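Me: I have a structure on screen and would like to learn how to read it. Can we go through it feature by feature?

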Amino acid sequence: MVHFLFIRHGETQDNLKKLWAGSKDSPLSNHGVRQAEALAAEMSKLNLSAIHSSDLRRAKTTAQIICKAQSNTDLVVQESPLFREQNFGGAEGRPIVTKNKNWTMPQHYAKGKFPAIYSRKHHFPGGESLDAVAERAKQALDEILMPYVHETVPAGSPHNAVAVVSHGVFIAELLGIMLNNHSLAVKDFRGMKNTGWTEVEVLPALQTAETEDATVPRPLNVKLLAINRHSHLSNLHRQKGIGSMAYDPTQKDIRSFFVDKSAAGDSRERRSASTSS
């Protein structure tokens with residue numbers, strides 16, 4: 001039995017600006033890093049068996065923060081382009097706009113406007129359709145994730161917990177395939193919060209006479225345990241001034257200055273209140 005934890009990456013500046021951000025490699029914001037750190041603290045109790053990630057920076061930075069908080073020092077983040085977000089082609093980095101009902105989609109594109117596409121088969125120029133994302137998700141499922149389900153686990157051993165850090169659209173498509181229901185994916189799995197996570201339990205069905213042939217994949221029992229968990233964010237507040245800035249690990253001293261200054265201000269306020277009372 002395997003528990004898969006599908007995690008959306010932390011906040012990026014493109015998320016804040018409401019831009020089409022798919023294959024565009026944007027970094028986390030400082031607030032996004034703090035979101036990842038809060039999730040890492042929560043997941044430090046789970047003893048993850050493996051951590052997989054998209055190779056895009058916002059996902060792998062989130063995954064690396066989670067990995068660093070694990071007690072297993074041999075655990076490493078395994079990156080793959082199969083876990084990337086949908087490629088939005090010519091819309092990458094452009095604002096998400098409302099469709100003008102008097103224009104055709106080619107007319108929108110000619111004017112540099114990119115409203116949402118609601119068809120699974122269509123895509124932005126040079127981009128990827130939802131059906132294409134689903135095909136890639138199926139490949140990731142078969143080649144990377146299913147081996148965990150089919151590997152032999154000694155009786156009495158705890159279940160494997162495998163984290164996958166990816167992106168909103170991709171996770172929705174992957175879950176739709178696992179649950180064999182794309183309409184459910186669109187309805188319930190889109191709109192995950194940054195560092196929100198969805199948990200799925202997967203185990204092979206009991207072997208029968210029909211499934212004794214080792215060359216035939218055994219059917220799976222798939223159970224959805226949780227959708228878009230984000231309790232780790234409940235007490236997290238954006239830092240003034242630097243929270244929305246792009247995360248830069250070389251600027252750690254500057255971030256510490258802001259945090260220390262804020263803490264000092266709080267301390268002065270408490271001393272002042274104590275004196276007044």
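This is a predicted model: local features need pLDDT of at least 70, side-chain atom pairs count only at pLDDT 80 or more; totals for chains, interfaces and linings use all residues.

Me: How many helices and strands does the protein chain have, and what share of its residues counts as buried?

Reply: The protein chain has 8 helices and 8 strands. Of its 277 residues, 42% count as buried. As for contacts between residues at least 6 apart in sequence, 74% of them join residues at least 24 apart.

Me: How many residues of H6 are buried?

Reply: Buried means under 20% relative accessible area. In H6, 11 of the 11 residues are buried, so this helix is largely enclosed by the rest of the structure. Among them are Gly 168, Phe 170, Glu 173 and Met 178. After H6 comes Asn 180, which has a positive phi, near 60 degrees.

Me: What describes a pair of aromatic rings?

Reply: Two values describe such a pair: the distance of the centres and the angle of the planes. A search of the whole structure finds 8 aromatic pairs. One of them joins Phe 4 and Phe 6, which are stacked, with 6.0 Å centre to centre and 25 degrees between the planes. Both Phe 4 and Phe 6 are buried. Another pair, Phe 88 with Phe 124, is edge-to-face, at 6.4 Å centre to centre and 65 degrees between the planes.

Me: Where do Phe 88 and Phe 124 lie in the chain?

Reply: Phe 88 is in the loop between strand E3 (77-80) and strand E4 (96-97), and Phe 124 is in the loop between strand E5 (114-115) and helix H5 (130-150). The two are 36 residues apart, and their pair links distant parts of the chain. Phe 88 counts as buried because its relative accessibility is 7%; Phe 124 is buried too, with a relative accessible area of 4%. Together with Trp 20, Tyr 109 and Phe 114, these two rings form one aromatic cluster.

Me: Which residues lie nearest the centre of the largest pocket?

Reply: Start with the volume, then look at the lining. The largest pocket has a volume of about 800 Å³. Its lining consists of 32 residues, and those nearest the centre are Trp 20, Glu 85, Phe 88, Val 169 and Arg 190. By class, the lining has 14 nonpolar, 10 polar and 8 charged residues. Helix H1 (13-17), helix H6 (168-178) and helix H7 (182-189) each supply at least two of the lining residues.

Me: Which residues does Ala 36 touch?

Reply: Ala 36 has its place in helix H2 and is buried, with a relative accessible area of 0%. Not counting residues up to four places away in sequence, Ala 36 touches Thr 62, Ile 65 and Thr 195. Ala 36 and Thr 62 are 26 residues apart in sequence, and their C-alpha atoms are 5.5 Å apart in space.

Terms used
Residues are numbered from 1 along each chain as its sequence is written. Side-chain values use heavy atoms; hydrogens and water are left out. On a 1 Å grid over the protein atoms alone, a cavity is a set of points where a 1.4 Å probe fits but cannot get out, and a pocket is an open set with protein on both sides within 12 Å along at least five of seven lines; lining residues have an atom within 4 Å of a point. Grid points are joined across faces, edges and corners, and a volume is the space filled by probe spheres set on the points. Helices (H or I, at least four residues) and strands (E, at least two) are DSSP runs, numbered from the N terminus. Ala, Val, Leu, Ile, Met, Phe, Trp, Tyr, Cys and Pro count as nonpolar, Asp, Glu, Lys and Arg as charged, and the others, Gly among them, as polar. Rings of Phe, Tyr and Trp (its six-membered ring) pair if their centres lie within 6.5 Å; planes under 30 degrees apart count as stacked, over 60 as edge-to-face and the rest as tilted. Buried means under 20% relative accessible area, exposed over 50%, partly exposed in between (1.4 Å probe, protein chains only). Contact means heavy atoms within 4.5 Å.
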